[in-house]
Amino acid sequence: MAEITVTVDGVNYEDHVEPRMLLVHYLREIVGKTGTPIGCDTSNCGACTVLMDGQSVKSCAVLAVQADGTQITTIEGMANGALHPLQRAFHEEHALQCGYCTPGMIMAASDLLRENPHPTDTEIREGLEGNLCRCTGYENIVRAVRRAAQAGVSE
Amino acid sequence: MIPAKFEYVRPGSVDEAIRALADGGDDAKVIAGGQSLLPLLRLRLAYPELLVDVGGLDELRGVTDAGDALVIGARTTHYQLVHDPLVAEHCGLLAEATETVADPAVRHRGTLGGALAHGDPAGDLPAVVLALDATLIARGPGGEREIPAADFFVDYLTTSLQPEEILTAIRIPKLGPGWGYRYEKFHRTAQSWATVGVAALTRRDNGSVAEARIGLTNMGTVPVRARAAEDAAAGAAASREALRAAADRADEGTNPPADLHGAADYRRHLARVLTGRALAAAAGL
Ligand SMILES: Cc1cc2nc3c(=O)[nH]c(=O)nc-3n(C[C@H](O)[C@H](O)[C@H](O)COP(=O)(O)OP(=O)(O)OC[C@H]3O[C@@H](n4cnc5c(N)ncnc54)[C@H](O)[C@@H]3O)c2cc1C
Ligand code: FES
Ligand code: FES
């Protein structure tokens, strides 16, 4: 077992974990952040995307021990009293159907807008290329990110 | 799936990491960004008993100007390379190709050293460092050695790194005046691997191409140079027709795989077409 200290959505956690534990399992099973889903076994789908020290990562492709000393933001840390502007835009633009990809989409989109607050539609599509959606056909997801960008989200 | 059990150490220096690898024997493995290794562990296609994490070693990170070459630390991430001003100025091909690797989240974690040490002929960066005539620098219990890119890739997922060696840096000669470049990648979906990729560099001399270097992705068990096409392009007129004729020889001597993404013949065809496009773009046409 290894000892790790991680800040998740602003709260500090100290835990003993097996080295083989993936960050996504740590978040879901130890910290209880079940808002971050697991969608695949190959690190392709992006459903598990979280921010690690501000940058998007696939939490199924990071070991919990590798997250030692970092700050993690999950979808559960986005709303601050009211819905985050990206969450609102996804809601208003019907950017989800089953919703399984949505936490990852929103985390990847927030990373994109931090770096590029006013992306073109092509840049939005490229920024979300690591996130798969089986339901929407992506059109409304792009529209939602554009709407959030226009509303001035940059984090 | 959850990986099989392993021990994990996070050494404080490269020398400590080498000692940990030597002590761990055949069942020890380096982990850098984990973007190739962790998916393998999850699918239980690999069972190391010890992971030596070099991800925290700052001595392996960053790009430095060494006069006529750039020296890039092995654990410099894809994301850093895409944004590095020295890379953009002296070795733009590397940035252009790295931007096509995977997706933003994977590029935040994945490293140049990991992409090369993994030795996947379908990876984009092995063919690129081959075309750039890079030298890989490895350190082991016996000290440091330099390996030309042409000798580094030995077989499918196999490199000339010894189990107790760490890839520390990649040295890439700066491109001088007159050089142009292009990475052409053909893939089915945005984040997927190259069916075929072509890294081309040309040096223009007025109306002709003086010199060309071409690296091919996924055209064999290792990345390969398209020597016949390089020779045909050297001295050719800087015109689309002349470069297309040279590109017709791009698949000579290759042994491409056949899989769900394409038959071997189809890959040969792609290699010729993409080489034509890459040479023309590199020559500014
Ligand atoms: C969804 C997805 C899509 C991808 N798409 C592409 C793509 O289109 N093109 C592409 O080229 N790649 C792609 N990749 C792979 C990606 O480029 C990886 O980041 C990279 O291949 C490995 O870098 P890493 O630092 O994560 O290495 P790791 O996974 O940590 O290690 C990979 C291998 O290299 C060894 N190693 C790592 N560093 C060193 C070192 N310093 N010294 C000695 N050995 C070392 C490890 O032991 C291991 O065997 C993709 C990956 C994913 C998850
Ligand atoms: S669950 Fe992490 S990428 Fe699919
Ligand atoms: S809404 Fe169902 S996967 Fe995207």
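Modeller: Accessible areas come from the Shrake-Rupley method with a 1.4 Å probe, and for residues only the protein chains shown count as cover. This is a predicted model, in which local features need pLDDT of at least 70, side-chain atom pairs count only at pLDDT 80 or more, and totals for chains, interfaces and linings use all residues. Residues are numbered from 1 along each chain as its sequence is written, chains are lettered from A, and side-chain values use heavy atoms without hydrogens or water.

Colleague: What percentage of the accessible surface of chain A belongs to carbon and sulfur atoms?

Modeller: The accessible surface of chain A comes to about 6,800 Å². The share that belongs to carbon and sulfur atoms is 45%.

Colleague: Does Lys33(A) count as buried or exposed?

Modeller: Buried means under 20% relative accessible area, exposed over 50%, and partly exposed in between (1.4 Å probe, protein chains only). Lys33(A) has 13% relative accessibility, and therefore counts as buried.

Colleague: Which residues does Lys33(A) touch, not counting those up to four places away in sequence?

Modeller: Contact means heavy atoms within 4.5 Å. On that basis, Lys33(A) touches Val8(A), Asp9(A), Leu27(A), Arg28(A), Thr74(A) and Glu76(A).

Colleague: Which residue in E13(B) is the bridge partner of Leu201(B)?

Modeller: Strands (E, at least two residues) and helices (H or I, at least four) are DSSP runs numbered from the N terminus, and two strands pair if DSSP finds at least two bridges between them. Strands E12 and E13 of chain B pair in the antiparallel sense over 9 bridges. The partner of Leu201(B) in E13(B) is Arg213(B).
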